[in-house]
Amino acid sequence: MQRDGSLICSARAGLRDDPATDGRSVRQQQMDSTGSVLRIQGDDNLQSMLVGTIMRKIKSRTWKKQRYFKLQDDFMTIWYKSKKAGNKHSTFSVSDLEAIREGHQSEVLLSIADEFPADRCFTLVFRGRRGNLDLVAESSEEAQSWVRGMRKLIENLENMGEREKLDQWIGDWFKKADKNNDGRMNFKEVQDLLKMMNVDMNEQHAHRLFTTADKSQTGTLEDDEFVLFYKMLTQRDDVLRVFQEFSFDGQKLSKRDLEDFLRDEQLEGGDIQLHAKQLIERYEPSDTAKLLNAMTFDGFLMYLGSVEGSIFNPQWLGIFQDMSQPLCHYFISSSHNTYLMEDQLRGQSSVEGYIRALSRGCRCVEVDCWDGANGEPIVYHGHTFTSKILFKDVVTAVGNYAFKASEYPVILSIENHCGVEQQRVMAQHLNHIFGDKLLKSTLDGKAPSRLPSPEDLKGKILLKAKKIGGLEESFNEMAEDSQTGELSDEDEVADIEEENQHRESVRRRVKKSKQRLSKELSDCVVYCKSVRFSNFKHSRIHSKFYEVASFTESKARKHLREAGADFVHHNSQQLTRVYPSGFRTDSSNFNPQEMWNVGCQIVALNFQTAGEGMDLNDGLFRQNNSCGYVLKPRFMREAEKFDPETPHEREGYQPVVLTIQVISGQQLPKVNIKEGSIVDPLVRVEIHGVPMDQAKQETRYIDNNGFNPVWYDTLCFTIHTPELAMVRFVVEDYDKTSRNDFVGQYTLPLICMQQGYRHIHLLSRDGTSIPPSSLFVHIRITELE
């Protein structure tokens, strides 16, 4: 489900009459939001899914079990169970799905390709890091029915309007509360519902709400009575206060009232009159109010819960940056050991790692190549027990998914441990599978003087690897057939030794022998030649723009602390890659911010591992259409001197003060599954940036209220380099005896923040949306005098 408008579940806040909703039952609303539209179209695929189908769930060549799959009447839930499992069953929501892949498009389905034809196979791909679901239907017709039906449901969900999303959420809660499925809710079910919703309400108050909503006086809530109950429960006094402050009559916002709010409070520029008119058209549910060119409270709440009312400025969601500068002038979304799905020692290697990273906009993936059996190179984490996959399967996956999420270039970072013969096989696969996508020569056929731009390289795959000689020599045909070169300085086994872990077994494995390179593979390298780094003085004199040095995080940290300004200058001329220490065998991540502070472009993270590092990476690359390239600030691209340790010394230095009032939270997810456990939420705001800007502050915690906690706490930060600052909002469940539990987070660049009253739509630990959970805040950014 998209996050646009994910606050709307609270939009029925007031108890005023609303002709657009009142009188419609929960079930009517639910059908309006999904089912009825589809039923009207008489969709045969969906009708077939409602009846249900027996399909095989495949986990491996040997694990293939029949399951009964069925679409529920809400057109949102897929239910399935085993014949032998008694009453045990599983469900998942259509909103959990990211895509449907047809045919043998997963390793599991490829492994059984000889047994089941492609037209009966399909894969359900879930959002976040959840594993795929591989299925085989009994016939190609049944497979097509499910593929088409599921795609229709996903498309329907993505196109859902604000009101339809609200209706869906109300229906979902009714379904959860109505335990005995009799279409009505008694007071005991209401009490259980309140606990599910993270509400700690005393019994008397809950009963008062229940009695008020029970208009029929039957002792149960039916359909529209539950809508009324939900309205009372989700009343937003915090937003009502803002509405009444700007409303002349306290009942509505005239177009002029709304213009004043947008100009004076939201600090929006441009054509305010036109924008106010558009917002009324887009979010006002009442036709009467629209005719009056006014916005009711419901419309105001819908606007504040929409993408336009969110903290991330929608103007920066599309491509808005200059994409015609040299590659080294951009931060590039980059993955480390992309083939690993788990840890670095025993984890599974999979082409799925490449598909997931590329689908998230990652533009630099890593391939660790070793000699394999039958003359076929393999990919795995050398000297470990991680599983092995074929190099050609990796290349095929990259070729298929490189440009689905972004049209800008993909860099294939090769760590080459193969002998010459299998290097030639690698080159054959690269040429044959990538075809014209593989960049084999300079763009204009002439010797260039600087790196090309992302715009120049659209649709191209670049190889980063060792190269015989330099780029200039390709133009005078001086290169020999093969040449010796040192072992890759990116070899993490070597790093373990360098980082003083002097285990004999490791030291024996690290050999300082020379390695022969095949001309065929070398010729595939154009703009990204891997080189060993000496020092910045040597680089200034001898380095070529197409040379790429790689650093472990510890080496990069040493350089940035000792010579930050030199590091920034180096990165204005050529590409640098930084990757996690060999000690991180659990696939944890370092904080990428300190590497971005000195302009390192290819900061490679373990995409499979959720946490602060990936939150920052996702936050930075959410802008610019999530295309995987973000233009560095001007002072990091030009010749002027910038040292992140002394930001006040740069030309154009202008610090700002960021003031955040954390007002309230809405429907935070439960984190403790113990019965009766309610969240005690607090909000921590973290600033990640240059060393002077690193800071964090917290609100108070609120006792037993994860449903609608209210803080009105103000946090204030001075930021010296706003162009590099990332702001991370973290909600935690306070625990005085142990570590706080994570509830949700949202991370974004300071320069992408909208000011005024904004909602922050929280994300899970995995980075996926968790509607309708959000925070309501007020933001001010002012220049420091």
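Author: Let us begin with accessibility: a residue is buried when its relative accessible area is under 20%, exposed when the value is over 50%, and partly exposed in between (1.4 Å probe, protein chains only). Lysine 458, with a relative accessible area of 31%, is therefore partly exposed. This is a predicted model, in which local features need pLDDT of at least 70, side-chain atom pairs count only at pLDDT 80 or more, and totals for chains, interfaces and linings use all residues. Residues are numbered from 1 along each chain as its sequence is written, and side-chain values use heavy atoms, with hydrogens and water left out.

Reader: With which residue does glutamate 407 form a salt bridge?

Author: A salt bridge is a side-chain nitrogen of Lys or Arg within 4 Å of a carboxyl oxygen of Asp or Glu. Glutamate 407 pairs in this way with lysine 458, their closest N and O atoms being 3.4 Å apart. Helices (H or I, at least four residues) and strands (E, at least two) are DSSP runs, numbered from the N terminus. The pair links distant parts of the chain, 51 residues apart: glutamate 407 is in the loop between α15 and β16 (410-416), and lysine 458 in the loop between α16 (420-434) and β17 (461-465). Glutamate 407 counts as partly exposed because its relative accessibility is 42%. Lysine 458 also meets glutamate 455 in a salt bridge (2.9 Å, N to O), and glutamate 455, at 34% relative accessibility, is partly exposed.

Reader: How many salt bridges are there by this rule?

Author: The count comes to 39 salt bridges. One of them joins the side chains of arginine 56 and glutamate 138 (3.4 Å, N to O). These two residues are 82 residues apart, arginine 56 in strand β1 (residues 53-58) and glutamate 138 in the loop between β7 (133-136) and α4 (140-158). Elsewhere, Asp615, Arg684, Glu686, Glu698, Arg728 and Glu732 are linked in a network of salt bridges.

Reader: Which residues have the most contacts inside the largest nonpolar core?

Author: In soluble globular proteins, nonpolar side chains tend to be buried together. A nonpolar core is a set of buried Ala, Val, Leu, Ile, Met, Phe, Trp, Tyr and Cys residues joined through side-chain atoms within 4.5 Å. The largest one has 65 residues, and Val367, Phe391, Val398, Leu412, Ile414 and Leu430 have the most contacts inside it. Helix α15 (residues 391-401) supplies the largest share of this core, six residues. Another core lies apart from it, with 33 residues, among them Leu658, Ile660, Val679 and Leu775.

Reader: Is histidine 275 buried or exposed?

Author: Histidine 275 counts as buried because its relative accessibility is 15%. This residue lies in helix α11 (residues 272-283).

Reader: Which residues of helix α9 are buried?

Author: In α9 (residues 237-246), Asp238, Val239, Val242, Phe243 and Phe246 are buried. The arc of such residues is that of the directions from the helix axis to the C-beta atoms. Seen down the axis of α9, the buried residues fall within an arc of 140 degrees, so they line one face of the helix. Arg241 and Glu245, on the other side of α9, are exposed.
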